[in-house]
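The exercises below are to be worked with the sequence and coordinates open. Each one sets a task and then gives the solution in steps.

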Amino acid sequence: MMQLVSKGVMKVNFKIESNFIDITNYPSVERHLEKMANKGWLINKIVAGNIFIYKKIEPEELDFSIALYEVETAFTRKSKEELDEFNSVCESVGWNYATKSFNLHIYFKEKGTDAMEIQTDDEEEFSTLEFIGKKYIKSNYIQIPFMIFLAWMNIGSLFTSVYSIKDGLGQIVAPMIALALIVLIVQTIHIKRFLKANKNNIEMGKDIEYSDSKFCFYKVTFLLSYIIISIFTIYILYLGIVLKKKFVLIAFIPILIGLIIGCAYRFLVKPSKIKLKNKKIGLVATLIITTIISIFISIGIIMYIGNGVDDGGNPNIDGYKVLSIDDFEDNVYEYEGTLMQGSSILVPKSYEYYSYARKSGSIITEYSKALTEDLAKNLVSRYIRQARSASVGRYGRDLEFYFEEGIYDDYFLDAGITRNDFNNLKANDIKEFKKALIKMIKEKAIIKDEENLWNLDETYFLSYDKMEIVIRDGKEVFYLEGKDFSDVEIINIIKEKLDLN
Amino acid sequence: MAKKTIKALTQPMYYILLSLKEKRHGYEIMQFVEWLTEGRVKVGPGTLYSLLSRFEDDGYIEMVSDNDNKKTYLITDLGKEVLYEEIERLKSLLNDATSVKGGNEGEFQNRK
């Protein structure tokens, strides 16, 4: 059992333990709490069903009884007065209240003293267990498809897209989603089995059978979750405060609003005496209002970012390996510059700089320093994949129209497709035509620097006009856009500016 | 409120409904049941309060007062209907048992 014991200077007076309690194992927890009391630790608080906090007592022989008393449903919650009444009745039959974990209320008494059992009927106890268990299962049935959707959105792109390798949030959230999904599935199966087995037991007049498992899987997953949540929080603060991505912090406003409204509903509306029907209407209205507020805030944030307000005009780019218009032209006024910084586990340092001047156009620099050289190579291959998709997206549209009409459009020239190429391929049927043309577009767009113009570890031109390029020097990867990167003079300027010699 | 179909009331269900022919709060219900059954039936607080919540949701009982953290309940007409049906069911069980005990099962052999 994992234990974290406080190290007070004078005296250790509390103990934190990673454990697990739910409706399937609480009698085994009763036995564990008895052993702990024997060692001088009395349960004081249980957080999220898995962090047990004990307070120091004189070692005592105590009996524990964990009682089911349903605290909360989707629309109702027992008020403090109702819980007090329940506790006072338990006390009048000989049990002292210790703490609770969700619907499980923990009581203790001195061993050997007389007290009425808190649960006196197995059938009723199972009926409550079944009600609570089915509620968990229903909730999991809603959460599982949602988690699968999130996993599909996050984990799928984690291995392929340029953005994901540089996106720290995605890399932190992905394992969290995977863990949550596994826990939900395991929990659903576990509770279903428990209810099914005990339904039979009750029908046959037998006792309820509880789990004696040590629940190591849950304990480890909960511990991992806490670690991931801590990293997530630190990362958000790092993005917002150190990298000055204020919008990341602002983006949490909708979540904060949701939390505040959710808490207000839980602690004020649920325990109130408002009729159930009105509570349901209230919940739906609250959800609609929260969604509208969140949408407005999100739109505001997007507009805020879109306007470039976040960067406060031209940023200072000293110390950044980026290109700007004035690196190539004299007497040019850089009209606009936008610097966005990022950091992730796989690519600890990255930034993008967008430099723009009237008449001269724009230059984009995306700089990344990967954790290892292999990851830098992987990033290069992601840029290549991205460029392939982009070229197909740009030139691959309306191919059926051009095939059927037999029209060669000059814009094919930008992709390196000549009239001859077009006419040769037109002899095929439409499927063959499309397939061959797309293949040709890709081949002409992505070209390795065979002439070794750049003399670096890896260099790929990503467009036929050579206005896009990805280069790698060790762990450093640059994606550049906006100049003819096959021009030796330009190459020399860039290599000097980006310190690639 | 429509009556839910209940197969048969369990022992604690039966005694709780029976005890609420008069206004009573939780602890009084427990004491009343113990007194009525001369200690044969005990309803613990976990069992009692789970059932009180469920009965209130189903409309079998209603809260009539809430003073000093003590909610007092009373059986409703719907609750009485359920209770009386259960009493009738128990009566027929008892009649059957009495009949068999009194030797009337011979009629079964001679039924043709």
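**Exercise 1.** In this predicted model, determine how many residue pairs are in polar contact across the interface of chain B and chain A, and which elements of chain B supply the residues on its side.

*Solution.* 
Step 1. On the side of chain B that touches chain A, at least two residues each come from helix H1 (11–19), helix H2 (26–36), helix H3 (45–58) and S3 of chain B.
Step 2. The most is given by H3(B), with eight residues.
Step 3. Sorted by class, this side of chain B holds eight nonpolar, eight polar and six charged residues.

**Exercise 2.** State the extent of the interface between chain B and chain A, and find which residues of chain B lose the most area.

*Solution.* 
Step 1. The contact involves 22 residues of chain B and 23 residues of chain A.
Step 2. About 1,900 Å² is buried between the two chains, and carbon and sulfur atoms give 54% of that area.
Step 3. Within chain B, the residues that lose the most area to chain A are B:Pro45, B:Tyr49 and B:Asn69, which together make up 30% of what that side buries.

**Exercise 3.** Count the salt bridges between chain B and chain A, then those over all chains, and examine one of each group.

*Solution.* 
Step 1. Between chain B and chain A there are three salt bridges.
Step 2. One of them can be checked in the coordinates: the side chains of A:Glu124 and B:Arg54 meet with an N to O distance of 2.8 Å. A salt bridge requires such a distance to be within 4 Å, and the pair passes.
Step 3. Over all chains the count comes to 25 salt bridges.
Step 4. Among these is the pair A:Glu72 and A:Lys270, whose closest N and O atoms are 2.8 Å apart.

**Exercise 4.** Describe the elements of chain B and the pairing of its strands.

*Solution.* 
Step 1. Chain B has five helices and three strands, and from the N terminus the order is α-β-α-α-β-β-α-α.
Step 2. Strand S1 (residues 24–25) of chain B runs antiparallel to strand S3 (residues 70–75) of chain B, joined by two bridges. Here B:His25 has B:Thr72 as its bridge partner.
Step 3. Strand S2 (residues 61–67) of chain B also pairs with S3(B) in the antiparallel sense, over six bridges; in this pairing B:Asp66 stands opposite B:Lys71.
Step 4. The hairpin of S2(B) and S3(B) has two residues between the strands, and B:Asp68 takes a positive phi near 50 degrees.

**Exercise 5.** Compare the radius of gyration of chain B with that of a compact globule of 112 residues.

*Solution.* 
Step 1. The globule would have a value near 13 Å, whereas chain B has 17 Å.
Step 2. Along the principal axes, the C-alpha atoms of chain B fill a box of roughly 65 × 35 × 20 Å.

**Exercise 6.** Why do S8 and S11 of chain A each have one side without a neighbour in the sheet?

*Solution.* 
Step 1. The open sheet has seven strands, paired antiparallel in the order S8-S9-S10-S14-S13-S12-S11 (chain A).
Step 2. Strand S8 (336–342) and strand S11 (447–448) of chain A stand at the edges with a single partner strand each, so one side of each lacks a neighbour.
Step 3. S8(A) pairs with strand S9 (residues 349–357) of chain A over seven bridges, and A:Leu339 stands opposite A:Tyr353 in S9(A).

Note on methods: Residues are numbered from 1 along each chain as its sequence is written. Chains are lettered from A and ligands numbered from 1 in the order in which they are written. This is a predicted model: local features need pLDDT of at least 70, side-chain atom pairs count only at pLDDT 80 or more; totals for chains, interfaces and linings use all residues. Side-chain values use heavy atoms; hydrogens and water are left out. Two strands pair if DSSP finds at least two bridges between them. Helices (H or I, at least four residues) and strands (E, at least two) are DSSP runs, numbered from the N terminus. Contact means heavy atoms within 4.5 Å. Buried area is the accessible area (1.4 Å probe) that two parts lose on being put together, summed over both. A polar contact is a pair of N or O atoms within 3.5 Å; within protein, one must be able to donate a hydrogen and the other to accept it, and residues adjacent in sequence count only if both atoms are side-chain atoms. Ala, Val, Leu, Ile, Met, Phe, Trp, Tyr, Cys and Pro count as nonpolar, Asp, Glu, Lys and Arg as charged, and the others, Gly among them, as polar. The radius of gyration is taken over C-alpha atoms; the globule rule is 2.2 Å times the number of residues to the power 0.38.
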